[in-house]
Amino acid sequence: INPLIIKYVQLFIILLSALLLVFIGRLAWGNRGYIIGYFSSILFVVLNYRFAGHLMPENWQFLFLSIITICLFYHYKGNKTSSIILGITLGLSCLNKGTTFFLFPLIIIADLVYSRIKNRIHWQNMLLFAVAFAVITLLWSVYLSNERDQIIYISSQTGEVLLDGNNEFC
């Protein structure tokens with residue numbers, strides 16, 4: 001692959017993530033959120049444009065987490081499509097960085113609390129989210145298990161990834 005293509009793809013990912021920050025600001029704080037979103041997106045691009053020259057999982061991870069944030073907002077509004085996109089995006093995020101797997105149980109716990117307190121039919125969205133997440137992660141896990149002739153979930157380095165995370169002292 002031509003390195004120039006990687007630079008353009010990474011730059012596109014950074015710019016798309018920055019645009020999503022504006023949308024997240026609008027969702028979180030209404031019309032005032034546009035100003036917050038614009039400032040945060042400009043700051044994000046200024047601080048991260050130099051990383052466009054390198055193929056880094058962190059750029060993709062920020063994009064995934066931005067999409068997850070938006071989908072969570074609509075997921076709790078009852079939008080079934082957002083629940084499916086949330087599961088798919090979280091599954092891809094886990095394949096990109098194994099440490100984000102811990103978001104899955106947190107979202108399930110939040111869904112259980114939400115369905116118990118606020119919305120009794122929210123379990124449908126929770127189920128769509130869980131199935132979409134399972135499809136993405138299990139497809140990769142089945143492929144990886146067949147390649148390695150042993151049962152592997154998400155990554156062949158799952159133990160080390162989940163133990164280390166970003167902890168330089170491990």
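Is W140 buried, partly exposed or exposed? At 37% relative accessibility, W140 counts as partly exposed, where buried means under 20% relative accessible area, exposed means over 50%, and partly exposed covers what lies in between (1.4 Å probe, protein chains only). The structure described here is a predicted model, in which local features need pLDDT of at least 70 and side-chain atom pairs count only at pLDDT 80 or more, while totals for chains, interfaces and linings use all residues. Residues are numbered from 1 along each chain as its sequence is written, and side-chain values use heavy atoms, with hydrogens and water left out.

A pair of aromatic rings is described by the distance of the centres and the angle of the planes. Rings of Phe, Tyr and Trp (its six-membered ring) are taken to pair if their centres lie within 6.5 Å; planes under 30 degrees apart count as stacked, over 60 as edge-to-face and the rest as tilted. A search of the whole structure finds 11 aromatic pairs. In one of them, Y34 and Y38 have ring centres 6.3 Å apart and planes at 25 degrees, so this pair is stacked. Both tyrosines lie in helix α2 (residues 32-48), four residues apart, or about one turn of the helix; helices (H or I, at least four residues) and strands (E, at least two) are DSSP runs, numbered from the N terminus. Y34 is partly exposed at 35% relative accessibility, and Y38 is partly exposed at 47%. A further pair, W140 with Y143, is tilted, at 5.3 Å centre to centre and 40 degrees between the planes. W140 and Y143 sit three residues apart in helix α6 (residues 123-148), so about one helical turn separates them. Y143, with 43% relative accessibility, counts as partly exposed. Elsewhere, F101, F102, F104, F129 and F133 form one aromatic cluster.

The nonpolar interior comes next. In soluble globular proteins, nonpolar side chains tend to be buried together. A nonpolar core is defined as a set of buried Ala, Val, Leu, Ile, Met, Phe, Trp, Tyr and Cys residues joined through side-chain atoms within 4.5 Å. The largest such core has 12 residues: I68, C71, L86, L90, C94, F104, I107, I108, M126, F129, F133 and I154. Helices α3 (57-75), α4 (80-96), α5 (103-117) and α6 each supply at least two residues of this core. Another core lies apart from it and has six residues, among them I13, L20, I24 and I70. Within the largest core, which includes C94, the contacts of C94 (heavy atoms within 4.5 Å) are with T100, F101, F133 and I154, not counting residues up to four places away in sequence.

What is the count of disulfides in the structure? It holds zero disulfides, a disulfide being a pair of cysteine sulfur atoms within 2.5 Å. C71 is in no disulfide, and the nearest cysteine sulfur, that of C94, is 14 Å away. C71 is buried at 6% relative accessibility, and C94 is buried at 1%.

Q10, in helix α1 (residues 3-29), is buried with a relative accessible area of 0%. Leaving aside neighbours within four places in sequence, Q10 is in contact with F51, A52, H54, L55, M56, N59 and W60. The side chain of Q10 makes a polar contact with the side chain of W60 at 3.1 Å; a polar contact is a pair of N or O atoms within 3.5 Å, where within protein one must be able to donate a hydrogen and the other to accept it, and residues adjacent in sequence count only if both atoms are side-chain atoms. S115, in helix α5, is buried at 13% relative accessibility. The S115 side chain reaches the backbone oxygen of L112 at 3.0 Å, and S115 touches R120, H122 and W123, not counting residues up to four places away in sequence.

Finally, charged side chains were examined. With a salt bridge taken as a side-chain nitrogen of Lys or Arg within 4 Å of a carboxyl oxygen of Asp or Glu, the count comes to one salt bridge. K97 forms a salt bridge with E58, the closest N and O atoms being 3.3 Å apart. The pair links distant parts of the chain, 39 residues apart, with K97 in the loop between α4 and α5 and E58 in helix α3. K97 is partly exposed at 24% relative accessibility, and E58 is partly exposed with a relative accessible area of 40%.
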